[in-house]
Amino acid sequence: MLGESKAFSGFSVDDIGRAKEFYGTTLGIRVSEAHGMLTLHLGGDTDVFVYPKDNHTPASFTILNFPVDDIDKAVTELVARGVTFEKYEGFGQDEKNIARGAGQDQMQGPDIAWFKDPAGNVLSVLSGSM
């Protein structure tokens with residue numbers, strides 16, 4: 001029944017203005033705003049809805065994953081734009097806070113680095129495509 005529906009995802013933030021600046025300027029995503037809410041226009045004709053929530057609690061899981069061709073370059077560029085990458089125990093992250101997997105062909109996942117938006121939601125950049 002819903003197999004052909006153009007579904008979309010959404011998440012909350014505590015400040016739409018800060019979110020618009022972060023996603024639009026810092027991350028370079030095309031963002032539109034209407035009725036006090038944002039739409040992130042991602043590659044592949046994908047939209048994500050961002051809405052304000054007074055009692056926002058940051059997601060404790062990764063809400064958006066951004067596949068990139070060169071994770072080292074992406075991390076370096078994001079750090080230059082003011083992004084801080086998270087360090088998590090047990091992931092063997094390097095000096096750039098990139099968790100280096102053995103590669104998808106060995107079923108250990110891609111190289112990945114996590115960071116947070118201004119509302120505390122977890123995002124990632126990861127090598128390759130999914």
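A pocket, as the word is used here, is an open set of grid points with protein on both sides within 12 Å along at least five of seven lines, and its lining residues have an atom within 4 Å of a point. In this predicted model, the largest pocket is lined by 21 residues. Among these, Leu27, Ile29, Phe66, Pro67 and Val68 lie nearest the centre of the pocket. The elements that contribute two or more residues to this lining are β5 and α2 (71–80). The space within the largest pocket comes to about 480 Å³. As a reminder of how such space is found, rolling a probe the size of a water molecule over the atoms shows where empty space is left.

The C-alpha trace spans about 45 × 40 × 25 Å along its principal axes. For 130 residues, a compact globule would have a radius of gyration near 14 Å, and the 15 Å found for the chain agrees with that. Of the 130 residues, 38% count as buried.

Four of the strands build an open sheet of mixed pairing, in the order β1-β4-β3-β2. The edges are taken by β1 (9–13) and β2 (30–34); each has a single partner strand, so one side of each is left without a neighbour in the sheet. On average, and with direction ignored, neighbouring strands of this sheet are turned by 25° against each other. In general, strands of a sheet pair through backbone hydrogen bonds, either parallel or antiparallel. The antiparallel sense is the one seen between β2 and β3 (residues 37–42), which pair over five bridges. Here, arginine 30 stands opposite histidine 41 in β3.

Aspartate 54 is found between β4 (46–52) and β5 (62–68), in the loop that joins the two strands. With a relative accessible area of 89%, aspartate 54 lies above the cut-off of 50% and is therefore exposed. Aspartate 54 and aspartate 14 are 40 residues apart along the chain, yet their C-alpha atoms are separated by 6.2 Å.

Terms used: Residues numbered from 1 in each chain as written. Predicted model: local features only at pLDDT ≥ 70, side-chain atom pairs only at ≥ 80, totals over all residues. Heavy atoms only, no water. Pairing = 2+ DSSP bridges. Axes fitted to C-alpha atoms, helices over the stretch in contact; angles between N-to-C directions. Buried < 20%, exposed > 50% of the residue type's maximum accessible area, 1.4 Å probe, protein only. 1 Å grid on protein atoms, 1.4 Å probe; cavity = no way out; pocket = protein on both sides within 12 Å on 5 of 7 lines; lining within 4 Å. Points joined across faces, edges and corners; volume = space filled by probe spheres on them. Rg over C-alpha atoms; globule rule 2.2 N^0.38 Å.
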